[in-house]
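Have the sequence and the 3D view open as you read.

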Amino acid sequence: MQSEKQLIENGQVVIGIELGSTRIKAVLINDTGMILATGGADWENRLIDSIWTYNQDEIWLKLQESFQDLQKTVKEKYRTLIKKAQGIGISGMMHGYLPFDQQGNQLVPFRTWRNNITSKASKNLTALFDYPIPQRWSIAHLYQAMLNNETHITQIDYITTLAGYIHWQLTGEKVLGIGDASGMFPIDTNSCSFNQSMLEMFDKHIVDFKLPWKISNILPTVLVAGQPAGYLTEKGALLLDPTGNLQVGIPLCPPEGDAGTGMIATNCIKEKTGNISAGTSAFAMIVLEKALSKTYSELDIVTTPAGKLVAMAHANNCSTDINAWVKLLGETLQTFGVKICTEELYQTLFLEALKGDADCGGLLSYGFHSGEHNVGLSEGCPMFLHPTNAKFTLQNFMRVHLYTAFGAMKLGMDILRDQEKVDIDHILGHGGIFKTKGIAEQMLASALNIPIATMNTASNGGAWGIALLANFLKKRGKVSLEDYLERFIFNQSHLMVYQPEPEMVDGYQSFIQQYKKGISVVETAVNIGIK
């Protein structure tokens, strides 16, 4: 403990912060990647004027709260404070739309990845580039704003992601890690920058709008893992730590998206490896050996933080509806005077799900709290269906909600395996839905018919992943990112592997066929205005 205190006081530590959908996490690590302390702050997006968003002031208040919580842990555990560090890394939710004018003023409220309001732009740009441009992507949001004749588009000087925005304010540098950048605009993996021919195609496509900018001038500079990305300024130090304890001059690594830091946190950045993050959203990231044969609307093409090609099967919705139902069941127990902690409630109910029928007894559920690009839903409408002849039991009820959490993502994964014949050595799972060990993992393995592994380090998620990238700053040039993770970070990691269960595989296939048929029911509910 004394040596760890000295490390902190000497600044031989690294800070990683990730702004997730429902929580901002902060971690402090040493040179070997060991977590010395953690902190965090809860927050939640809001649906305002039909747009999922976070308030700009709340971004900074909650960021500061998470760092102060980290400081509190350090003070209690080591009787000292973080004043200097060898590096800082900022990670955040990918995609979305944050435009700024020349004075740095935010022009419209943050439009997050959760919005599905850019359908026309997404389709037009996908056709223009012959490259998948999902509705979540920054370029889709920008082009849709143009199609909508929004007045702010003439004032744009810079657009970036959440992580890019935080990093810019802390350092003054308008840069972005390549993984996060690949969710803004298509990347050329040879140059490790935005695709130049597509930039030119876009400029020609929008010439009639007579805008005062070109697309390349308003996007951030793309950096790969290990490249220097600026230093903490006096303004930035006070933004992160208003108490004034944190010193200026700390180097920062390129800011990254949560998908990329999830890949780092699970050591899945080599070809034929993959990881699945499952929490508010669910997405699978599979590192490709070669480009896909054609464009699929169900799949993003992004990159690792080192610039390798990745296929991303993304679903906007995963655990939100499960959380809502568990909360309701907990309130029911409280009505009868039964008090039970949240962790025990989840564990008990998830264990009950394992006892359900393999096909959920004919029950059907859709956890679409927001729109879902993969199934063509612009807005969400969670639904639970129990046909007259279905076996409506608690076990089947919980099982169907776990099954459906992976439904939209599975549609993209099936394309990779069945149509593109992508070879996958292993997939590692991480995220909130895996907190109750062994349940969601088993169902996901059976849903995809692929072994799913988890490791104890992955529970720390993207905050740890971005801290590792910040730690890699002083290693680049001496070792590759892949070897750094393999040799210095994950050399003693223990994997828990869950194999598909044949009966559950068959049961999930029956479920997913009904799932596909029932999507039209959700579409009808959305179209007639049920929300």
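Let's begin with Val 521, whose place is in helix H18; helices (H or I, at least four residues) and strands (E, at least two) are DSSP runs, numbered from the N terminus. At 36% relative accessibility, Val 521 counts as partly exposed. The scale here is that buried means under 20% relative accessible area, exposed over 50%, and partly exposed in between, with a 1.4 Å probe and protein chains only. Val 521 and Ile 450 are separated by 71 residues in sequence and by 30 Å in space, C-alpha to C-alpha.

Before going further, a word on the source: this is a predicted model, in which local features need pLDDT of at least 70 and side-chain atom pairs count only at pLDDT 80 or more, while totals for chains, interfaces and linings use all residues. Residues are numbered from 1 along each chain as its sequence is written, and side-chain values use heavy atoms, with hydrogens and water left out.

**Helices H14 and H18**

How do these two helices meet? The axes of H14 (residues 407-419) and H18 (residues 502-527) come within 11 Å and cross at roughly 105°. That makes H14 roughly perpendicular to H18, since angles under 35 degrees count as roughly parallel, over 145 as roughly antiparallel, 65 to 115 as roughly perpendicular and the rest as oblique. Axes are lines fitted to C-alpha atoms, for helices over the stretch in contact, and the angles run from 0 to 180 degrees between N-to-C directions. On the H14 side the contact (heavy atoms within 4.5 Å) is made by Gly 407, Ala 408, Lys 410 and Leu 411, and on the H18 side by Tyr 508, Gln 509, Ile 512, Tyr 515 and Lys 516.

**Helix H13**

Helix H13 covers residues 394-405, and its twelve residues should span 16 Å at 1.5 Å a residue; the end C-alpha atoms are 17 Å apart, which agrees. The expected span is 1.5 Å times one less than the number of residues. Ten of the twelve residues of H13 are buried, so this helix is largely enclosed by the rest of the structure. Among the buried residues are Phe 397, Met 398, Arg 399 and His 401.

**Loops and phi angles**

Asp 423 sits in the loop between H14 and strand S20 (426-430). Leaving aside residues up to four places away in sequence, Asp 423 touches Lys 272 and Glu 289. Asp 423 and Glu 271 lie 152 residues apart in sequence, yet 9.1 Å apart in space, C-alpha to C-alpha.

Lys 272 belongs to the loop between helix H10 (258-265) and strand S14 (273-278). Its phi is near 70°, a positive value in a residue other than glycine. Ser 50, in the loop between strand S4 (46-48) and strand S5 (51-53), also has a positive phi, of about 65°, although it is not a glycine. Most residues other than glycine have a negative phi.

| Residue | Relative accessible area | Class |
|---|---|---|
| Asp 423 | 41% | partly exposed |
| Lys 272 | 22% | partly exposed |
| Ser 50 | 51% | exposed |

**Cysteines**

How many disulfides are there? Taking a disulfide as a pair of cysteine sulfur atoms within 2.5 Å, the count comes to zero. The sulfur of Cys 253 is 16 Å from the closest cysteine sulfur, in Cys 192, too far for a bond. Cys 253 is buried, with a relative accessible area of 1%. For Cys 360 the closest cysteine sulfur is 15 Å away, in Cys 318, again too far for a bond. Cys 360 is buried, at 0% relative accessible area.
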